[in-house]
Amino acid sequence: CAGSYSVTRTWTAKDGCNNSSTASQTINVQDITAPTITTVASDQTVLCDGAGNSLEFQAWLNTNAGSSATDNCSSLTWSNEILSVIPQCGGTSKTLVRFSATDACNNSKKTTALFTILDLIPPTLITVASDLTVECDGNGNTLDLNSWLSNNGGATATDLCGKVTWSNNFTTLSDDCGKTGSANVIFKATDDCGNFITTTAKFGIKDTIAPIAPTAPSNLTVSCAGDVPVTIALTTTDICSGTISALGKDTIVQGNCPNSFVLTRTWTFADACNNSSTTVQIITVEDKTTPIIAPLPATSTISCPATPVFTIATATDGCGSAFTLTSTDVTTPGVCTGSYSVTRTWTATDGCNNSSTASQTINVQDITAPTITAQASNITVECDGSGNQTAIA
């Protein structure tokens, strides 16, 4: 091999008669000295490119990891040997390589170095998490919430060097009106090497649906205000607020007389989130009840010249309405002077113009004979021969 050779030196002794003899010495020169590493191989660390960083690794190998060597006897040949590949997180690894500098006589010197692939870059967020607001179902909207959480709020991410693992910091929803609530959730995308990126979104439960109002009592028409039934409480159930009770509230539109009006009874059912619905009953009050006049005395007869004395009528109104009592007298002549009949008719009229009448009749009869205030006196006259007619008259 280059740098190895043998030298033989031969001596010849010769006299004057040309007699001679020889003797030899041989010295072998061998290259048994390894090259000298003048620069050891250098470790190299690169960022994971997701494809094994083959180009960078090959370039590192091609430069013998920056190592250099010299040899006194011959040129050098470099080679390398992968001693071990130690996988790390994700697509990263540590590769131990031994580089050998070998001379022409196969003497070699070795140096080792590590080629390290690191992942220091967090995943790339492709789609940010989106807010989601759902209508209250009364059960915490567990399916909606779990679906949103498991879908990472719609967020997506990729990583060059490995898979992405999602997590979030959700604990509980806030306690808002009824069974609504919300939470701001941080979604974390973490690669195999612990690098992460976050995106935040809000999950909310809203209640925009009013309670379903129950059926109100049937509409009524009554005669008097006193016949209006007292208001009652009605109850309904709301998905998001549970049982809701409401007491009817009345509004009145006055009619054309004091005891006639239209009453609107409204029940308002408001849930905890201020959504409301109503149900209505219409009660119409129509005063068609006439005042009742107390019975008057039966027809009576008095003797002339007495003056008829009538009973003052009294009355009541079934609805308690104010009323007026008026009377009119009708006199009917009898069959003779001093005999007649007087009928007094009372009329009771309330504010709604309902009225009734009652009458009392008193007959005046002349059944008393005249009173002789001076008795007739006898008279005696002298006969005049003509029958004394003048004196008799």
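**Entry 1: burial and surface**

I began with burial and found that 31% of the 393 residues in the protein chain are buried. I note here that the model is predicted. I then looked up the surface: the protein chain exposes about 23,500 Å². Carbon and sulfur atoms supply 53% of that area.

**Entry 2: fold and overall dimensions**

I looked up the secondary structure and got 3 helices and 26 strands for the protein chain. The radius of gyration of the chain is 67 Å, whereas the globule rule gives 21 Å for 393 residues, so I record the chain as more spread out than a compact globule. I also took the extent of the C-alpha trace along its principal axes, which comes to about 275 × 25 × 20 Å.

For contacts, I considered those between residues at least 6 apart in sequence. Of these, 59% join residues at least 24 apart.

**Entry 3: charges**

I looked up 15 positive and 31 negative charges in the protein chain. A search of the whole structure for salt bridges returned 5. I followed up some of them below.

**Entry 4: aspartate 192 and lysine 163**

The side chains of aspartate 192 and lysine 163 form a salt bridge, with 3.2 Å from N to O. The pair links distant parts of the chain, the two residues being 29 apart. I placed aspartate 192 in the loop between β13 (181-191) and β14 (196-206). Lysine 163 sits in the loop between β11 (156-158) and β12 (164-168). I checked accessibility for both. Aspartate 192 has 31% relative accessibility and so counts as partly exposed; lysine 163, at 56%, counts as exposed.

**Entry 5: arginine 265 and aspartate 250**

Next I looked at the salt bridge between arginine 265 and aspartate 250, where the closest N and O atoms are 2.7 Å apart. Here both partners are in strands: arginine 265 in β19 (residues 261-270) and aspartate 250 in β18 (residues 249-254). They are 15 residues apart, and I noted the pair as linking distant parts of the chain.

**Entry 6: glutamate 286 and lysine 288**

The last pair I looked up was glutamate 286 and lysine 288, whose side chains meet in a salt bridge at 3.6 Å, N to O. Glutamate 286 is partly exposed at 33% relative accessibility. Lysine 288, at 63%, counts as exposed.

Terms used: Residues are numbered from 1 along each chain as its sequence is written. This is a predicted model: local features need pLDDT of at least 70, side-chain atom pairs count only at pLDDT 80 or more; totals for chains, interfaces and linings use all residues. Side-chain values use heavy atoms; hydrogens and water are left out. Helices (H or I, at least four residues) and strands (E, at least two) are DSSP runs, numbered from the N terminus. The radius of gyration is taken over C-alpha atoms; the globule rule is 2.2 Å times the number of residues to the power 0.38. Buried means under 20% relative accessible area, exposed over 50%, partly exposed in between (1.4 Å probe, protein chains only). Contact means heavy atoms within 4.5 Å. Accessible areas come from the Shrake-Rupley method with a 1.4 Å probe; for residues, only the protein chains shown count as cover. Lys and Arg count as positive and Asp and Glu as negative; His and the chain ends are not counted. The place of a charge is taken as NZ of Lys, CZ of Arg, CG of Asp or CD of Glu. A salt bridge is a side-chain nitrogen of Lys or Arg within 4 Å of a carboxyl oxygen of Asp or Glu.
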